[in-house]
Each structure stands twice: as structure tokens, then as C-alpha cells.
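Please look over the sequence and the model below. The report that follows covers helix packing, the sheet, the cores and a few loop residues.

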Amino acid sequence: MAVDILIGTQWGDEGKGKLIDVLTKDVDMVVRYQGGNNAGHTVEIGDERYVLHLVPSGIFRPEVKCVIGNGVVVDPVALDEEMAKLRERGVDTSNVELSDRAQLIFTYHRMADALNEQGAVRKIGTTGRGIGPAYTDKMRRCGIRAITLTKPDQLAEKFRAEAEKYNKLFRFYGAPEMDIEAELVKVLEAAEHLAKLVANSVYTINNAIRAGKKVLFEGAQGGLLDIDHGTYPFVTSSNTISGGACTGAGIPPQSVRDVWGVIKAYTTRVGEGPFPTELFDAMGEKLRQRGREFGATTGRPRRCGWFDAVASGYSCMVSGVNKLAVTKLDVLDDCDEVALCTGYEINGKVTTEFPAEASDLEIAKPVYEFLPGWKCDLSNVRKYDDLPDAAKKYLARLAELVHSEIAIISVGPRRDQTFLV
């Protein structure tokens, strides 16, 4: 039995899509288990660049089954469009399955998302994709699930009823209302295309595990955006840590073998929220430009800073990461020295523990350890032994601080710029 989970260990954008794509050469199934189309997984194959939002990153290998699990919130119109665009580029999408238990996102969720953000005293910095309101409906037990895509009459009835509830809310706040019938036409059209994908994925996944298939679970966002363990309230609305795979796909924890943690060689964040190692100087801008740090989903520039071992160490701990995949090491190529945050000074006291309260993180002063840079181009390196000693020392110290072991290194966006340690 080979069941692995791959997660991001920071605030997202670590390069999970690329690593999933690399790892899928040896697996039979890839499963998305949480989040929605607020995720943006970028995969570069040769000269082609793809950005996936809902479709699992195993889609580029026709022999790999791709499952969108029950823990994902799915915008049916967005999924239909994403799959159509992939087919236009010659990608076979016949291997995609959608869990009948997945919750659906509709236009009224996106409108509510925007309304919440506009009226917030303190903005969270959401992507505006309706993720939070859809998860809220799930917890309120009034959400519409993917099984309804196979029952158009029931779908129309439920959609109209829920949409009218939201329109009453919009009227109360003086916000524009949704044209229910116009939006329903789009939903029913998407449902007609997607109905054939809907299946009881819990059985699909567990039957594959029992049959000894190799299954890889793909997390979205990052561990520091977890609704429980992230920088609350500046988090997403789902459990992004490895444990989310059990509830988000319906698997028992004892089936898991390895937890891969994708970790960027420095740290970035999109949107609002505390970020102790954020750089506001020329170095921060250099990291942004060299790393092409602009959101795949929103295009927003990412905030950049030195590697935060306190935050990433906590993330690795709660997910049980035992294999690290370090990405974008090459972005640090021309640095005279590189820094690692080994602790926080908060109100005059130094701690190596990641605090629960966002206000503590906002005043935290990073305690840095500096190491020499390697001042050479790593983009053509294809094995660990060929890395300069300074890069090896940096990687070794990073791994030591987060209490895990490095298994993969990436020195560029392409498949061939990734190698095993």
C-alpha cells in the first residue's frame, strides 16, 4: 500500500502543482481533498505552462486517475470551463472524477464573499471565489452537493431557493441582486457536462488503496492557512494540513505512508495577515521579480521575505512531514548572504514556538541566522552532489530547523529542473 500526501508548508504558492506533477510519474491516482478554485497550481511542461484551479495536477498523465474529493468546494461553471480549456490544448480529461459529496459554489457565494470583504473592518484578503460562504453553507447544512448535478430538476429547485435567500440578504444590505434565472441557465449547462464525472469517490479511493494502487493526495493553499492551525483569522476555510486528507477524501489515517511537505527556499504570502520575515526593501523586490511571485489565480504580487523556520517548523510538525521538497532554491543564487528566521522576539522575549494569536505575530521581530550565499547559477544543476557547498549548508540548516529531511530539490519551473536527493 502506497498512500502519500503532499501539502504546502507555508502560506501557499510553494510549488505544489509542479511537485505533484513530478511525483505522479509513479502513481495511479491523484486526489484533491480541500479548497476550491482559490488554488492555483502551476505546471510547466516543456514550453507549455498550465495553471490548474480545481482539476488535480495528475491530469497531464493520461494513465493517472484524477479525483476531486468530497472536501473540495466546486464551482461547477468554473470546473466546466477549466476542463474545456484543457481539452482545447490537447489534454485528455476523461480520467477526472468528481465526488458526489463535494459542495458546490455558485454566483451568490461569490457575491456574498465580495460583500463580506467590502464591509469588513479588517479585510482577510480572500480571492473572491466564494470559498468561505460555500463552506459556511456546508456547516449550516444548507449547501448543495455535487450529486445534485445528476438531478437537474432537483438542482434547479434547490438553486432557486438558496439564491432567493441570498438575494434577500443582498437587498437588506443595499447590494446588487443576482439574476437567478440567468445564472441557473449557466449552472444547468455546466451540470449537463459534469454529471458524467460524478461518482461515489470514497469507494473509488478506498478500493484503489485496498487493491495496492499508489495514491497521492494533493493539498491546496498551505499549512499556515489552515482554519485551525494557520494565522487565524487570515486563513482559508478548510483544513489544509495533512489530516484534512482523511476527512476530505474519506480515508483512514493508518493508510498514509509518507507526508511530503513542499517548502520554498524563502517565504512568501499573498493577501492580508501577519508575516514576520517580510522584506520591504530591495531584497524583497528582488525575490519577487526573480521568483516571479505573482498569484497564479489572482495575479496579485506576493509579499516576500527570508525563510521563516518557526512558522514552517510548526506547519511541518502538525502535518507530520517526513519528506521535504525544497523549491525555488535558484532564486537565492546571487545573494551575498542568506537568512533563516530561527525565533521571534515578542514583547522582549524570544520564542521558537509559533503563536496562536495574530496580534502577537504582527509585533514579532524575527531572530535571524545568516549564512554565506553561493553566488552561482543553480538552474542547470541536476543532482545534489553538484550543488555548491554553501547551498548544501543552507539546505541542511533549513531541514534541521524544521525537523524533517530533504528528499527533492527544485532549481527552476520545469520538470527537468527537479531532482531527488
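At what angle do helix 5 and helix 6 pack, and how far apart are their axes? Helix 5 (residues 152–172) and helix 6 (residues 180–194) pack at an angle of about 145°. Their axes are 10 Å apart. Axes are lines fitted to C-alpha atoms, for helices over the stretch in contact, and angles run from 0 to 180 degrees between N-to-C directions. Helices (H or I, at least four residues) and strands (E, at least two) are DSSP runs, numbered from the N terminus.

This is a predicted model: local features need pLDDT of at least 70, side-chain atom pairs count only at pLDDT 80 or more, and totals for chains, interfaces and linings use all residues. Residues are numbered from 1 along each chain as its sequence is written, and side-chain values use heavy atoms, with hydrogens and water left out.

**The helix pair**

Helix 5 passes helix 6 in a right-handed crossing. A crossing is left-handed if the near helix is turned anticlockwise from the far one by less than a right angle, and right-handed if clockwise. On helix 5, the contact residues include Leu155, Phe159, Ala163 and Asn167. On helix 6, they include Ile180, Leu184, Val187 and Ala191. Contact means heavy atoms within 4.5 Å. By class, this contact has 10 nonpolar, 1 polar and 4 charged residues. Ala, Val, Leu, Ile, Met, Phe, Trp, Tyr, Cys and Pro count as nonpolar, Asp, Glu, Lys and Arg as charged, and the others, Gly among them, as polar.

In what order do the strands of the open sheet run? The 10 strands follow the order 9-7-5-2-10-1-11-15-19-20, and the pairing is mixed. Strand 9 (198–199) and strand 20 (418–420) are at the edges. Each has a single partner strand, so one side of each lacks a neighbour in the sheet. Two strands pair if DSSP finds at least two bridges between them.

| Parallel pair | Bridges | Facing residues |
|---|---|---|
| Strand 1 and strand 10 | 5 bridges | Val3 and Val215 |
| Strand 2 and strand 5 | 4 bridges | Val31 and Val67 |
| Strand 5 and strand 7 | 3 bridges | Val67 and Glu97 |
| Strand 7 and strand 9 | 2 bridges | Ser99 and Ala199 |

In strand 7, Val96 and Leu98 point one way, and Glu97 and Ser99 the other. All four are buried. Buried means under 20% relative accessible area, exposed over 50%, partly exposed in between (1.4 Å probe, protein chains only).

**The cores**

Which residues touch the most other members of the largest nonpolar core? Of its 55 residues, they are Phe217, Leu329, Leu332 and Tyr394. Helix 12 (residues 389–402) gives the largest share of this core, 8 residues. A separate core has 41 residues, among them Val55, Cys66, Leu149 and Val198. A nonpolar core is a set of buried Ala, Val, Leu, Ile, Met, Phe, Trp, Tyr and Cys residues joined through side-chain atoms within 4.5 Å. In soluble globular proteins, nonpolar side chains tend to be buried together.

The buried residues of helix 4 (residues 131–139) are Ile131, Pro133, Ala134, Tyr135 and Asp137. Arg141 follows helix 4, with a positive phi near 65°.

The loop between strand 10 and helix 8 (244–249) holds Gln221. Gln221 is not a glycine, yet its phi is positive, about 55°. Its relative accessibility is 9%, so Gln221 counts as buried. Pro233 is found in the loop between strand 10 and helix 8. The peptide bond from Tyr232 to Pro233 is cis, with omega near 10°.

Is Lys328 buried or partly exposed? Lys328 is partly exposed, with a relative accessible area of 22%. Its phi is positive too, near 55°. Lys328 is found in the loop between strand 15 (323–327) and strand 16 (337–346).

Pro413 is in the loop between strand 19 (406–410) and strand 20. Pro413 is partly exposed, at 32% relative accessible area. The C-alpha atoms of Pro413 and Lys328 are separated by 8.0 Å, although the two are 85 residues apart along the chain. Leaving aside its neighbours within four places in sequence, Pro413 is in contact with Lys18, Glu44 and Arg292.
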